[in-house]
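Good morning, colleagues, and thank you for joining. Please take a moment with the sequence and the structure, which I shall now put on the screen.

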Amino acid sequence: MAAPRAPAILLLSVIVSAGLLRASAARADEEPPPREDVEEAAAAAVAFPDQRFGPRYVIDEVLVKGNSKTERSIIVAEAAALGLVQGAAVDASDPRVEAVRYRLLALGYFLDVRLSVTRGASRGGVVLVVEVEERGTLVINELFPSTSAATAFWGGTDISETNFLGRGINLGGGFVGSTTPVVAGAHAGLGLRLRAAVPPIGGPYGLSLAVTGLYNDGSEFYRVSGADDDPDPKNFIATRVKRAGGIVGVGKDFRSRVHLRLDFREEALKAQLPTSPSMMPVDFMIKDGSSRVGSVTASAEFDTRSDPILPRSGMRVALALEAASGLVGSSYDYVKTTIEGAFYRPMPRGHALGFHLFVGGIAGDAPYFDRFFIGDLNLLLPRRALGINFSTLPSRNLLDTSIAHHRYDQYAARALVEYAIPIWRRRGFIYGGDAFIGVGLLGVASPGDFIPPGESGLRSLPIDLTGDLGLRLDTYVGIFTISIANALSRTSF
Amino acid sequence: MTRSRALLIAVLVAAGPALLGATARADSPLPQRTTGLAVKGGQLLISVGLQDLFGPAERQHLTSGFSTRILIRVALQDATVEEGEPLALAVQRAEIVYDIWDERFSVRVTRGLGAELRAIAPTAEEAIWRATALWQFPIADTSRLPPGGRYVVLVRGDLNPISEDLLKDVRRWLVQPARGQRRLGAGDSFFGSFVSIFVNPRIEDSERQVRFVSQPFALPAPLPPAPPLPVTRSGAGAGKARP
């Protein structure tokens, strides 16, 4: 297959697949027909003029049932936050009752919550009964089983317990380990994370505190011979870098769907840099021996997506600004800015169109692991696991450009268009499933290499096509993505 | 590089039929429920029950002492158009409250923007019937419907519906319980992610739903005028018709 024809064939495959999917799933949405006007009519017509209906009670006592693990005080505090306390009056149709139910569900500790009243000591007095059904609060955030030409195997997982000791403490950790990469000077990789976060102080919209500890002992690979698009591990040498440190952060959710965070990070680094076996100079993007990274990150997020798993409308925009300086003990001075956006638009028959944008820039001298890595941007490449790279694979270079030269860069951008088609809805174990296709363009660069010598036009631009095609499933036991990018990125040769 | 491109394209092409197979299983028609139809006073009326909106658990919750809300939405559609616009829409909302001292149910019902009707029901069965039965429920002015047409009625009942905004929040809270330790820049989407495993309870926009479609029908003949009430010897009036 001639290389220049490959991008065209890929695009054709993607477009044909999308067209066939659209045609075959035309009747996939089992919602009764055009519902927007039905919803509007319902909203306009259903409100009772008088919200109050039924008797009024006075709460003699608050009783909690079903909480074998969760502290009673956590549950009672949620009711008290809306005034449902001993001595308070509550109507049978009081909207605070439903609000308390959903506040408790929002904690993430319960499958279901029910509020009821039983007779109190005298007529009008009641015992408010809050009955909860606890859920499993262990979350597997990620699995890292993968293989590549450079590293025969790396694997691990990231797990959280979201209600540790029944006190609402989120305790999580992750690890990844690898075999020794077949790159000169490389060591087996090990990455560890330990996280803890206390519940927001004063309810869902209070301040939340979090701390993360990290330890990485891994290698990074640097080309010393061979063509840019040759991933043979023999063309690379490896550093050994140990990182130990942590992040302390504070965050706050706002009712306007805005989330703000401030993080303080300190890390001690120890790097062993190899000597290049050739005359080719190598920029290892890290200081030899011991050094430190210290930074402050301010970030903001605005999220109005209709669903975090299978969104049909809304948007998510996130901005982050990280500043590392000697003022906070850093050996590296840099400012890193990232902007992410995802915008969803509903389409006929329950389909959805999504636009995903990412733009990032670094001014200054950041260590390699804080720069933009091609594997994190290109869906068709192995991503780093807990910040460690295990692959020598360059970008796929589907546009036959200078992208293969790039691994860690100071500027990055990616734009993806995603089309999602509902496959399942409300069917037992699998609540929902979308077939999705995403196609996009990415670009990376560092100062001075926008136009390599001797190149011009499209070939000189460090850009590439990326994309994905697969199924995204929302099930009783979590979220699963079965896709081409996942397969390729985990078996990358 | 040529090898990897060829592999990529081969996988893409192979995945297409697998996805197509999955999509083919997605379609499922709404169940049909026999619905009473009549024309009276120029109005198309339907009569059908949605008592199955209450399962055993929902019946038990009915005596919680707090209100239970029921929303029923009805749409009239042209039966010959597979997914056309509704020709008419109608809504009924009801609320049931159990009085824990008097041990009886209070029910109130409104149809569209109409007046609120209140009743006392001694049993849960009667309360459910009053709140969920559409009895001679007007859904359309027959003068606005083309003569000779065939129609179906789509019905959806919701128990304790919640607002769209609240539904979004609950979904987000359950999927991202660790919101206190989110880190931006990690890509808060499932693009590229393989798996996230957790107990993921199903959250709908109401606690329970019933959906069905009526049998296809042509406009029935108008109901004949009511027969004259029988005159009793004592001269007393006859009993009231059921509402």
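I begin with the largest nonpolar core, which holds 58 residues; those that touch the most other members are Leu104(A), Ile96(B), Ala131(B) and Ile139(B). Please bear in mind throughout that this is a predicted model. Which element gives the most to this core? It is strand β3 of chain B, residues 68–78, with 6 residues. There is also a second, separate core, of 29 residues, and among its members are Ile374(A), Leu381(A), Ala412(A) and Leu442(A).

Let me return to Leu104(A). Leaving aside residues up to four places away in sequence, Leu104(A) touches Ile75(A), Glu78(A), Phe110(A), Val113(A) and Val132(A).

To place these contacts, we turn to a sheet in chain A. This is an open sheet of 4 strands in the order β2-β1-β4-β3, and the pairing is mixed. At its edges are β2 of chain A, residues 89–91, and β3 of chain A, residues 110–119, each of which pairs on one side only. On average, and ignoring direction, neighbouring strands of this sheet are turned by 45° against each other. Strand β1 of chain A, residues 56–65, runs antiparallel to β2(A), and 3 bridges join the two. Within that pairing, Val58(A) of β1(A) is found opposite Ala89(A) in β2(A).

Two helices pack on this sheet. Helix α3 of chain A, residues 72–80, touches β1 and β4 of chain A, the latter being residues 125–134, and the direction of α3(A) makes about 155° with that of β1(A). Helix α4 of chain A, residues 95–106, touches β2, β3 and β4 of chain A, and here the angle with the direction of β3(A) is about 145°.

Which residues of α3(A) are buried? They are Ile75(A), Glu78(A) and Ala79(A). Viewed down the axis of α3(A), these buried residues lie within an arc of 100°, and they therefore line one face of the helix. As for what covers the buried residues of α3(A), the list includes β1, α4 and β4 of chain A. Two of those buried residues, Ile75(A) and Glu78(A), are also among the contacts of Leu104(A).

We now move to chain B, and to the strand named at the outset. How many residues of β3(B) are buried? The count is 10 of its 11 residues, and the strand is thus described as mostly covered. β3(B) pairs in the antiparallel sense with strand β4 of chain B, residues 88–99, over 9 bridges. In that pairing, Ala75(B) has Leu89(B) in β4(B) as its bridge partner.

Finally, chain B has an open sheet of 3 strands, ordered β1-β2-β7, with antiparallel pairing. The edges are taken by β1 of chain B, residues 36–40, and β7 of chain B, residues 133–141; each has a single partner strand, so one side of each is left without a neighbour in the sheet. The twist in this sheet averages 25° from one strand to the next. Strand β2 of chain B, residues 43–49, pairs with β7(B) over 6 bridges in the antiparallel sense, and Ile46(B) has Phe137(B) of β7(B) as its bridge partner.

Thank you for your attention.

Key
Residues numbered from 1 in each chain as written. Chains lettered and ligands numbered in written order. Predicted model: local features only at pLDDT ≥ 70, side-chain atom pairs only at ≥ 80, totals over all residues. Pairing = 2+ DSSP bridges. Axes fitted to C-alpha atoms, helices over the stretch in contact; angles between N-to-C directions. Contact = placed C-beta atoms within 7 Å. Buried ≥ 20, exposed ≤ 12 C-beta atoms within 10 Å, placed from the backbone. Arc of directions from axis to C-beta. Core = buried A, V, L, I, M, F, W, Y, C linked by C-beta atoms within 7 Å.
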